[in-house]
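Thanks for coming, everyone. I'll walk you through one structure this morning.

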Amino acid sequence: MTVDTVGRFERALEGLEVELERVAAADASERIGTIAAEPAIGVPLPFDGVSLPASVTTEPTAAELTAARTGVTPVGFAIAEYGTVAVESTAGGAEPISLYPERHVAVVAESDIVPDLSTGFDRLADGFDAGRDSVVFATGRSATADMGDLVHGVHGPGDVHVIVLEDR
């Protein structure tokens with residue numbers, strides 16, 4: 001991963017109208033709290049020194065999932081070429097947390113941003129070899145033009161924020 005890869009990822013996200021912030025791990029919890037509209041649900045973050053704010057509920061009930069305005073998830077890796085994040089499936093259900101609320105906050109380590117689709121597939125194969133069996137690829141905000149003009153947020157989050165942990 002190079003600085004150019006992160007810059008390429010940032011440019012791809014700009015084209016998709018997705019906000020990206022580079023944050024030190026020590027500042028991530030506070031920044032997530034600022035971005036997360038309540039009620040917020042999330043998946044515990046696997047990054048040393050980074051935790052979810054107290055206002056973010058983990059292990060939500062079905063009712064909490066339905067009522068949530070923000071979902072916060074870790075991202076296994078991101079693909080710079082397309083501005084894609086890979087939300088890895090978990091026993092606790094990270095995928096619905098990234099898809100149901102109107103806002104998704106995706107947290108990824110800078111070192112987990114890969115340059116292109118080919119490298120992304122290599123990471124995916126490594127994960128499947130390690131026993132992972134499902135990944136949701138998300139590229140930008142949910143959108144459809146099936147019924148006419150382009151509409152965002154119809155079948156997923158209409159607002160996406162990516163936090164890149166600079167020192168991980």
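Start with Asp159. At 23% relative accessibility, Asp159 counts as partly exposed. Keep in mind that this is a predicted model. What does Asp159 pair with? Its salt-bridge partner is Arg103, and the closest N and O atoms are 2.5 Å apart. Asp159 sits in strand S12, residues 159-165, and Arg103 sits in strand S7, residues 103-109, so the bridge ties together parts that are 56 residues apart in sequence. Arg103 is partly exposed too, at 22% relative accessibility.

That bridge is one of seven salt bridges in the structure. I'll show two others.

Next is Arg123. Arg123 forms a salt bridge with Asp112, with the closest N and O atoms 3.1 Å apart. This pair also links distant parts of the chain: Arg123 is in helix H5, while Asp112 is in the loop between S7 and strand S8, and they are eleven residues apart. Is Asp112 buried or exposed? Asp112 is buried, because its relative accessible area is 17% and the cut-off for buried is under 20%. Arg123 is partly exposed, at 28%.

Then Asp4. The side chains of Asp4 and Arg11 meet in a salt bridge, 3.8 Å from N to O. Asp4 counts as exposed, with 53% relative accessibility.

Now move to Thr5. Thr5 belongs to helix H1, residues 3-15. Thr5 is buried, at a relative accessible area of 7%. What does Thr5 touch, leaving aside residues up to four places away in sequence? The list is Ala80, Ile113, Val114 and Pro115.

On to the aromatics. How many aromatic pairs does a search of the whole structure find? The search finds one. The rings belong to Phe77 and Phe137; their centres are 6.2 Å apart and their planes stand at 70 degrees, so the pair is edge-to-face. The cut-off for that label is an angle over 60 degrees. Where are the two residues? Phe77 is in strand S5, residues 77-79, and Phe137 is in strand S9, residues 135-139. Phe77 is buried, at 2% relative accessibility. Phe137 is partly exposed, at 37%.

Tyr82, Leu117 and Phe121 make a nonpolar surface patch of about 280 Å². Phe121 lies in helix H5, residues 117-129. At 45% relative accessibility, Phe121 counts as partly exposed.

Finally, step back to the whole chain. How many helices and strands are there? The protein chain has five helices and twelve strands. Its radius of gyration is 15 Å, close to the 15 Å that the globule rule gives for 168 residues, so the chain is as compact as a globular protein of that length. The C-alpha trace spans about 45 × 40 × 30 Å along its principal axes. Buried residues make up 45% of the 168.

Two last numbers. Take contacts between residues at least 6 apart in sequence: 72% of them join residues at least 24 apart. The accessible surface of the chain comes to about 8,300 Å², and carbon and sulfur atoms account for 49% of that.

That's the tour. Questions, please.

Terms used: Residues are numbered from 1 along each chain as its sequence is written. This is a predicted model: local features need pLDDT of at least 70, side-chain atom pairs count only at pLDDT 80 or more; totals for chains, interfaces and linings use all residues. Side-chain values use heavy atoms; hydrogens and water are left out. Rings of Phe, Tyr and Trp (its six-membered ring) pair if their centres lie within 6.5 Å; planes under 30 degrees apart count as stacked, over 60 as edge-to-face and the rest as tilted. Helices (H or I, at least four residues) and strands (E, at least two) are DSSP runs, numbered from the N terminus. Buried means under 20% relative accessible area, exposed over 50%, partly exposed in between (1.4 Å probe, protein chains only). Patches are made of residues with over 30% relative accessible area and no salt bridge: like charges are joined within 9 Å, nonpolar side chains (Val, Leu, Ile, Met, Phe, Trp, Tyr) within 5 Å. Accessible areas come from the Shrake-Rupley method with a 1.4 Å probe; for residues, only the protein chains shown count as cover. A salt bridge is a side-chain nitrogen of Lys or Arg within 4 Å of a carboxyl oxygen of Asp or Glu. The radius of gyration is taken over C-alpha atoms; the globule rule is 2.2 Å times the number of residues to the power 0.38. Contact means heavy atoms within 4.5 Å.
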